[in-house]
Amino acid sequence: ASYFHRFRKFAVYPSMSIDSQNNIHILWTAETIRSNGQINTSLNYKKLDGSGNELVNRVILARNNRINWLDSEAENSGKLNVIFAQQETDGKIGIRYLNVDKFGNFFETIVRPANPSADPTRPDLAIDKNGNSYVAWKEKSLPNKTDLNAYYSKILPNGNIAINKMPVAN
């Protein structure tokens, strides 16, 4: 079989932010669908100046079975904050936060661990003037997924969680 029959690749879920220096921070997921139906996903990052010149070459920030519901926000310092939902290898979904510095180095904080009793999705992100990140998401209680609520967490610039899973609606 030819190379093209073994798998197909797609770039999906783009997200973009512009910092105070007019640098463009671009994120996207790359999905590879193998001939056996397995989907492998990576979260990719690239930083460009306002003219389109690469400042940070493509960096793979995460790899997993499925990454989606992506949001990002750049800070004046050139740092990028990223939030996304990630399906773990056991099929459960968790919410993850990444802090990417101006050189493409990053660290990760698990905001909402994958849990057999919940299905968190659609995270959103905001940053205050002190560099604190605020993450909101909706969550359905399992197994019947009838109970739906919105939650938020506050993440400090060092990645520590200051407010953990506070319900905002009942």
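Predicted model: local features only at pLDDT ≥ 70, side-chain atom pairs only at ≥ 80, totals over all residues.
Among the contacts in the protein chain between residues at least 6 apart in sequence, 35% join residues at least 24 apart, where contact means heavy atoms within 4.5 Å. Residues are numbered from 1 along each chain as its sequence is written, and side-chain values use heavy atoms, with hydrogens and water left out.

Let me turn to the overall layout. The secondary structure of the protein chain comes to one helix and 12 strands, and these terms refer to DSSP runs, H or I of at least four residues for helices and E of at least two for strands, numbered from the N terminus. Of the 170 residues in the protein chain, 44% are buried; buried means under 20% relative accessible area, exposed means over 50%, and partly exposed lies in between, with a 1.4 Å probe and protein chains only. The protein chain exposes about 9,200 Å², of which carbon and sulfur atoms supply 49%, and these areas come from the Shrake-Rupley method with a 1.4 Å probe, where for residues only the protein chains shown count as cover.

Leaving out residues up to four places away in sequence, Phe-10 touches Thr-29, Ala-30, Glu-31 and Ile-33; the C-alpha atoms of Phe-10 and Ile-33 are separated by 8.3 Å, although the two residues are 23 apart along the chain. In the loop between strand 1 and strand 2 we find Asn-22, which has a positive phi of about 65° although it is not a glycine.

How many of the residues of strand 2 are buried? In strand 2, which covers residues 24-34, eight of the 11 residues are buried, and the strand is mostly covered.

Five residues lie between strand 3 and strand 4 in their hairpin, where Gly-52 in the turn has a positive phi of about 95°.

Now for the interior. A nonpolar core is a set of buried Ala, Val, Leu, Ile, Met, Phe, Trp, Tyr and Cys residues joined through side-chain atoms within 4.5 Å. Which residues touch the most other members of the largest nonpolar core? Of its 15 residues, they are Leu-27, Leu-43, Tyr-45, Leu-61, Leu-80, Val-82 and Phe-84. Two or more residues of this core come from each of strand 3, strand 4, strand 5 (66-74), strand 6 (80-87) and strand 7 (93-100), and strand 4 gives the largest share, four residues. A second, separate core has 12 residues, including Val-111, Leu-125, Tyr-151 and Ile-155.

Tyr-151 brings me to the rings. Rings of Phe, Tyr and Trp, the last by its six-membered ring, pair if their centres lie within 6.5 Å, and planes under 30 degrees apart count as stacked, over 60 as edge-to-face and the rest as tilted. By this rule there is one aromatic pair: Trp-137 and Tyr-151 are stacked, at 6.0 Å centre to centre with 25° between the planes. Trp-137 belongs to strand 10 (residues 133-141) and Tyr-151 to strand 11 (residues 148-155), 14 residues apart, and both Trp-137 and Tyr-151 are buried.

Finally, the charged end of Lys-165 sits over the ring of Tyr-151, 4.7 Å from its centre, where the rule asks for NZ of Lys or CZ of Arg within 6 Å of the ring centre and within 35 degrees of the ring normal. Lys-165 is found in strand 12, residues 161-167, and is partly exposed, with a relative accessible area of 27%.

Technical notes: Pairing = 2+ DSSP bridges.
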